[in-house]
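Here is a short report for a reader new to this structure. Look over the chains first, then follow the text from the overall fold to single residues.

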Amino acid sequence: MSRVDVPVMARKTESLKAREKKRRRRGYLSQVLLTLFVIAFMAPLVWMLVTSLKPGGEVFSSPPRMVGSQVLWSNYLEVWTYVSFGRYMLNSFLVSVVGTTLVVLTSLASAYAFSRLRFRGRDGLFFVYLGTLMVPQEVVVIPMYLFMTQLGWVNTFQALIVPWAFAAFGTFLLRQAMLSVPRELEDAAKIDGANHFMILARIMTPVVKPTVAVLVVFTFIGYWNNFLWPLIIVNDPEHTTVPLGLNGFIGQGGGQWQLIMAASTISMIPTAALAIALQRYLIRGISLTGLGGR
Amino acid sequence: MALNVVEGTEERDVRGRGIASKNRRRRGDGRTAAGFLAPSLGGFAIFTLGPIIASIVVAFTVWPTGGSPTAAGFSNFVRLFTSDPNFIQSLKNTLIFVFAYVPLNIVVSLALATWISPRIRGQNAYRVLLFIPVVTPMVANAAVWQLALLPSGVIDGIWVSVFGVHAPNFLGSPTYAMAVVVLMSLWQGLGYNLMVFVSALEAVPESMLEAAAIDGASTVQQFFQIKVPMISPAIFFGATMTVITSFQVFVQPFVLTAGGPGNSTSTLVMYLYRSGFLFHKLGYASAIGVCLFVIILVVTGIVFLAQKRLVHYE
């Protein structure tokens, strides 16, 4: 280092400057290309939106046009009456909200037990929980269906909610978060005579809130988008969820594609909004836990 | 595995400084624990563990929908692999899908992650946009692809104005249908690994790249010799998750092609669904589920073995 003489240094800074300039120019180019790429990437969603605003007869116009002869926002009103889309939305909201609440509450309790309480067989039991994380839903739908028929739960909301509310994922996620909470936080409360329930509710839960947010995002999206299970367990409009209703709409023919696209657009709003609003937690969840969010 | 946790945890709880003295009560918190665990554990036993065990049991029966089961030994499995061309075709299609989709997904999302991470303004916006199809309902995603690819759809329209002839019927041709399913899945799913890779790349120390740049390493060299090794655990993780989920492919071909034309895009899960709920052979369908699980286990095991040789942990 000490032997570097001045001209070499000068040349080096010069070349660094040139490189910096070149890099900046490349940066602009790269930005433009990336923007073009992302626009191309969004094309299917854009096409969904523009189609949803066209008059029915112009969906397949040739040559293709972005905007039809009229911009029919009324398609969005019509879709609520043409199929019971409002009903499907309500059903999906009910299933996703109740399911997510159930998952969060039971996972908080069991994660607390696994991370803070001592009892016989705890580690063995947790190992069993972990083992089930590997099993995809598709593998168990047949016995689950048989079980639902036994319970008489076919075509019910509880069949859409309960079977997937006790997966090990939430327990696993929250246990990891709780293990990293320093015990000193609880000690004072313990001295003041707080019981475990109060510690969980007043101390633990607020501290692990970011992880709860991760769980909420993943679980809500999971319920909202689930398709295979509703397809199996529901066949009446009273309990049809959005993806199932959309599929039926596509399948029923009649070619009302502008309405199907309006319904598709609406169906995307809740989870897309959730992902955008809570993106911080989503990114955190993906990078920290690596599980869930399919 | 049933450890005697009452004594066992004392040394194990690294973070629990000073609890050893406080928790001399030998009973542990058994009763409280039971209260906290009851809702989760009860549900877990009934709705998670039970069905997993049952799926294996049911796979060894003949069980018509609405009827009662009879023990069938290994006959379901024997039939699947020796005399059911539909199953073999679905298995083949699933493998083709996995082998095409997983590498494509990893390469494209890694390239995009590298592209987005350094000096792009508003990189968050790009990331979120690319992530949207991951969280929106797959049926809706597939619906617009179907609409665009229909014989008189927008792709055909563009094709006609560019080439002057009609486009091939992508969804109706055995040559193209699977490619479309792979492409649509790639579009739908790449945002997930993109997120994984972007956060991994952010953790690569800037000073390391600067040092390499001063030593004259090109961008390409920096990418392959610093970035890729540094984030190889994330790549491994992304690859594992993608392999697992891609074996479960169902909605994309179900909506886009309904498994057709012929059988050319039928997948394992689709065949499971059909066997169980169109042909009403629940035992047979469950056997397909067990095969799916075993395949996933084996492939994940292979990926784990490969990881030992390829992944660089600090």
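The secondary structure of chain A consists of 14 helices and zero strands. Helices here are DSSP runs of H or I with at least four residues, strands are runs of E with at least two, and both are numbered from the N terminus. Along the sequence, chain A reads α-α-α-α-α-α-α-α-α-α-α-α-α-α.

This is a predicted model, in which local features need pLDDT of at least 70, side-chain atom pairs count only at pLDDT 80 or more, and totals for chains, interfaces and linings use all residues. Residues are numbered from 1 along each chain as its sequence is written, while chains are lettered from A and ligands numbered from 1 in the order in which they are written.

**Overall form of chain A**

Chain A has a radius of gyration of 27 Å, whereas a compact globule of 294 residues would have one near 19 Å. That radius is taken over C-alpha atoms, and the globule rule is 2.2 Å times the number of residues to the power 0.38. Along the principal axes, the C-alpha atoms of chain A fill a box of roughly 85 × 75 × 35 Å.

Of the 294 residues of chain A, 45% count as buried. A residue is buried if 20 or more other C-beta atoms lie within 10 Å of its own, exposed if 12 or fewer, and partly exposed in between, with C-beta atoms placed from the backbone. Contacts join two residues whose C-beta atoms, placed from the backbone, lie within 7 Å. Among contacts in chain A between residues at least 6 apart in sequence, 77% join residues at least 24 apart.

**Where the chains meet**

How many residues of chain B are in contact with chain A? The count is 83 residues of chain B, against 82 residues of chain A. Helix α3 (residues 30-59) of chain B gives the most to its side, with 18 residues. By class, that side of chain B has 57 nonpolar, 22 polar and four charged residues. Ala, Val, Leu, Ile, Met, Phe, Trp, Tyr, Cys and Pro count as nonpolar, Asp, Glu, Lys and Arg as charged, and the others, Gly among them, as polar.

**Inside chain B**

Phe247(B) sits in helix α12 (residues 232-247) of chain B. Phe247(B) counts as buried because it has 23 C-beta neighbours inside 10 Å. Leaving out residues up to four places away in sequence, Phe247(B) touches Thr94(B), Val98(B), Leu292(B), Ile295(B) and Ile296(B). Phe247(B) and Leu95(B) are 152 residues apart in sequence, yet 7.7 Å apart in space, C-alpha to C-alpha.

Ile288(B) touches Leu80(B), Phe87(B), Leu268(B), Tyr271(B), Leu272(B) and Ser275(B), again not counting residues up to four places away in sequence.

**Backbone details**

Asn155(A) counts as partly exposed because it has 15 C-beta neighbours inside 10 Å. Ala258(B) has 13 such neighbours, so it counts as partly exposed.

The peptide bond from Gly260(B) to Pro261(B) is cis, with omega near -5 degrees. Pro261(B) lies in the loop between α13 (251-256) and α14 (268-277) of chain B.
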